[in-house]
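Good morning, and thank you for making time for this item.

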Amino acid sequence: MTSLETAQKLKAKFGDLVSEPTEFRGEIMIKVADAEQIVAVCEFAKKQLGFDYLVDVSSLDNYGDDPRWTVVYELRGLASACELRIKTDVSEEKSELPSVIGVWKTANWHEREIYDMMGISFREHPDLRRILMWEGYPYFPLRKDFPLAGKPSDIPGVAFSKPAPMEGGPFVTIPSTSSSTAREPRVRIPEN
Amino acid sequence: MATVQDIEIPDSAARAAQAVDELPDDVGEKMVLNMGPSHPATHGVLRILLELDGEVITKADPDVGYLHRGDEKIAENMTYTQFIPYTDRLDYLAPLANNVAYALAVEKALDIHDKLPPRCQYIRVMCCELARISAHLLGLGAFAMDVGAVTVFLLTFTEREKIYNLAEAASGARLTTSYTRIGGLMRDIPPTWCDQVRQFLKEFAVALAEVEVLLTRNRIWVDRLRDLAVISKEMAIDYGLSGPNLRGSGIEWDLRKNQPYLCYKDLQFDIPTGSVGDCYDRYLVRMEEMRQSMRILEQCVNKIPGGAENKSKEPVNVADGKIVLPPKHGVMTKMEELIHQFMLVTEGMNVPPGEIYFGHENPKGELGFYICSKGGGVPYRLKIRSPSFINLSILGELMPGAMVSDVPVILGSIDFVMGESDR
């Protein structure tokens, strides 16, 4: 089965939801019209068409166009050596689509990265935190309206808002019978 | 009236003993240990939050991003050629391989990636394989040092030094090589380079055998690596592992064989795979990959079109003035060349609208570039699929159940580079 045939099978199965496959430089690409259905399409591609390997998930910011976001999935079948690119659009108001972690676990960090860099959230993602920027960073730097020079922000946001561990004193273990967490406080609350 | 008060000072040793007796032995009490971001075993700036039950890890949460430089954002703001130096800094243990991967990706967008001159293909393959040896040597040396075998580190670094010398002879730089250009190379290799590679291979074979003797049947090494952090086939595929980590789990997938690019079709080499998927298998796979790289290099220096000295004047760049800079004497004397030079330097080459993904078998795994072009000399979006980033994502599932002392072993066997992971 070639990549084109798998794309045609997807088209046959999902009808209007999936666009006609297009080819560029020998790569087959299809577009899923409704981002909400992406999990169903991916599941079919994995279970029935043998796309067991998710190579990459990336995102595009079509700034100035509507819908603004495009999420791009690169699929590969290791046994058949077929490759397929699935794209789906997400509007700016919504900025959300279902997660494909249930299909491929590797989507976990890819989706966290897209959330971090573009600000598109993934529903049912178990652990949607920032991954490259720090927790509490207010912007999404890969958006086209974010300047290359960056914007000033409180560095570092959350991480240092608490007193540093054992700040203001030597290492002290409080002798008591309580658990080690209480005996060895990670943060010493300043006495005022 | 002054009063005298007796102060009772209990014996400190007795007090300590009493305190210990009073301590309850909390069963299942967890401790959170922060490892990194600057820890010798994390090879850079990886931070792992370990939740421990005694010595056993119950939960691991890797935290990446300390080396994030925004390479993808930077790429959107410069021409394709200008981004080449940034690729040196992705996997800084194998800059030559990154250069080749990036150049091939842009060439795929230009549709010239299978029309490269044969001499250029051979030189690029040699660069990739030298980079593979260099990266594996550092990974192996640091891995062995973390496990306690410092001698290996000294041996592998001596050999790496020679690869740096080769990179310097070819490109002029030891680390930040930027050797490739879109559509070819910065320059041809010097006439003595092939002999230098031959000399290196001769010496390296001896050094590799020595490392092999030190490690492969070493009781301590084997005991610490065997059956540790086993990655099953299904798990490796599910987590999208690539490179030696994927092959260590017994999956025969190598882009050099499965989607051959450059002149890999014409070269003889084998793809080593593991059987169990533990740390020892991943170590063995890397050792064998270095030997296969030697085989490839050997064939390349013998088969390179034009020979070592390129007496027949084989080109190393595609003959397209709209992609590759014209020769300087042409710029000085001819109008068309002058225009090409001016357009290439100011605007860059014109990449037709469309999108491509190109995956390259880098030492750490599949380094992929997804390029979305809307025409012109600047990518609209350039996504880097970094193998280290994806290989690290398995740590959360791999580490629970292992001991704290296994952490450096697992990290060494996964073999990652944070410059590439964080981009």
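I begin with a definition: two residues are in contact if their C-beta atoms, placed from the backbone, lie within 7 Å. Please bear in mind throughout that this is a predicted model. By that criterion, and leaving out residues up to four places away in sequence, A:Ser153 touches A:Tyr137, A:Pro138 and A:Tyr139. The residue sits in the loop that runs between strand E7 (121-123) and helix H4 (180-183) of chain A. A further distance concerns A:Gly136, 17 residues from A:Ser153 along the chain: their C-alpha atoms are separated by 9.9 Å.

As to confidence, the model scores ipTM 0.82 and pTM 0.85. Chain B has a mean pLDDT of 88, with 96% of its residues at 70 or more.

Let me turn to the contact between the chains. Chain A contributes 30 residues and chain B contributes 38 residues. On the side of chain A that touches chain B, the elements giving two or more residues are strand E3 (53-61), strand E4 (69-76) and helix H3 (107-118). E3(A) supplies the largest share of that side, six residues.

Next, the largest nonpolar core, which has 159 residues. Which of its residues touch the most other members? They are B:Leu96, B:Ala105, B:Val106 and B:Cys127. Helix H5 (residues 118-147) of chain B provides the largest share of this core, 18 residues. Setting aside neighbours within four places in sequence, B:Leu96 has contacts that include B:Cys127, B:Cys128, B:Leu130 and B:Ala131; B:Ala167, B:Thr177 and B:Tyr179 are also among them.

Finally, chain B holds an open sheet of three strands in the order E6-E7-E8, paired antiparallel. Strands E6 (354-362) and E8 (381-385) of chain B each have a single partner strand, so one side of each is left without a neighbour in the sheet. On average, neighbouring strands here are turned by 10° against each other, direction ignored. E6(B) and strand E7 (residues 365-373) of chain B are joined by nine bridges, and B:Asn362 has B:Gly365 as its bridge partner in E7(B). Helix H4 (residues 95-110) of chain B lies across E6 and E7 of chain B, at about 155° to E6(B).

Key:
Residues are numbered from 1 along each chain as its sequence is written. Chains are lettered from A and ligands numbered from 1 in the order in which they are written. This is a predicted model: local features need pLDDT of at least 70, side-chain atom pairs count only at pLDDT 80 or more; totals for chains, interfaces and linings use all residues. A nonpolar core is a set of buried Ala, Val, Leu, Ile, Met, Phe, Trp, Tyr and Cys residues joined through C-beta atoms within 7 Å. A residue is buried if 20 or more other C-beta atoms lie within 10 Å of its own, exposed if 12 or fewer, and partly exposed in between; C-beta atoms are placed from the backbone. Helices (H or I, at least four residues) and strands (E, at least two) are DSSP runs, numbered from the N terminus. pLDDT is the predictor's confidence in each residue, from 0 to 100. Two strands pair if DSSP finds at least two bridges between them. Axes are lines fitted to C-alpha atoms, for helices over the stretch in contact, and angles run from 0 to 180 degrees between N-to-C directions.
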